[in-house]
Amino acid sequence: MVLPEGFALPPWYFLVPLLVVLGGVVTLLWTVDPPVTDLTVLAFAPWMMFGSTLHVLYQIDAYPDGIAVLFTTPSVYLVTATLAGGIWLLGSFLYAAGLQRSIARFVGVTGTAFFVAFATFAVVSRWGEGVLDPFWPVIAVVVTGIVTAIAWLALSLWFTEVAAVTSITGALVVFSHTLDGVSTAIGYDVLGTAETVPLSRLLLEAGGSLPTAAYIGSGWLFVLVKVVLSLLILGLFKEYVQETPRQGRTILGLIAAVGLGPGVHNLLLFTLG
């Protein structure tokens, strides 16, 4: 089985309307054809974090039973994509009407507001229980920043054109997957959390079988694979981004999402105890 534990489709009366609305949003975006720049991809980073927050709220039982299923996986991806796509459309219309100076800024600001509001609600809801512990999440962010900087510097020195072409979008891909790797490693080695994704669990177990496990833990191999894989992806996408930047950056943005989402999810769960 390659799907993570807990992966289940919602009932049809939720799934069908959700797919119809999402399909309508995608169709309208296809018609409006908004630009996709590095700043556009960066503007969607808060939405990736917002989606993780929605799922964490599900895991701490913050939703009424009747709608909780909308925030399991994969439903939460559909909900987040629909909201973010709708905001992208709204920003495009406001920009066309002269009411916004930048579509990317509108998307980024609204996404940040949603993320901050819901993350704050999650923290406040656990405040009285005395379980909040941001220590390891802060360590994870610091280590991620250092590893990302080293990886990006190495890419810029030895594969300068790849770094120049993929630019901010490429840096976001490296940061996102490094954050996922580092937070997963801390969870596995330090906090004793279980990994639910089979392939990730396989890598962690492989790291644990090495002689180095007694000294530096099992997660370093997972971090290394995530960083190297993200750099290889940027190398493979260099020409695609050069020739068709809109499509290339869109796909790289989606690749960043599958790293940033799980990474932020880990940080929030660690913080909330």
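## Thr-110 in helix 5

Thr-110 belongs to helix 5, which spans residues 103-127 (helices are DSSP runs of H or I with at least four residues, numbered from the N terminus). The model is predicted: local features need pLDDT of at least 70 and side-chain atom pairs pLDDT 80 or more, whereas totals for chains, interfaces and linings use all residues. Residues are numbered from 1 along each chain as its sequence is written, and side-chain values use heavy atoms, without hydrogens and water.

With a relative accessible area of 16%, Thr-110 is buried (under 20%; exposed is over 50% and partly exposed in between, with a 1.4 Å probe and protein chains only). A polar atom of the Thr-110 side chain lies 2.8 Å from the backbone oxygen of Phe-106. Leaving aside residues up to four places away in sequence, Thr-110 touches Trp-47 and Ile-87 (heavy atoms within 4.5 Å).

## The nonpolar core

The largest nonpolar core has 63 residues, among which Val-107, Leu-234 and Leu-252 touch the most other members (a core is a set of buried Ala, Val, Leu, Ile, Met, Phe, Trp, Tyr and Cys residues joined through side-chain atoms within 4.5 Å). Helix 7 (residues 160-191) gives the most to this core, with 10 residues.

Val-107 touches Ala-43, Phe-44, Trp-47, Ile-87 and Trp-88, not counting residues up to four places away in sequence.

## Leu-224 in helix 10

Leu-224 lies in helix 10. Its relative accessibility is 45%, so Leu-224 counts as partly exposed.

How values were computed: Helix = DSSP H or I, 4+ residues; strand = E, 2+ residues; numbered from the N terminus. Polar contact = N/O pair within 3.5 Å; in protein donor to acceptor, adjacent residues only side chain to side chain.
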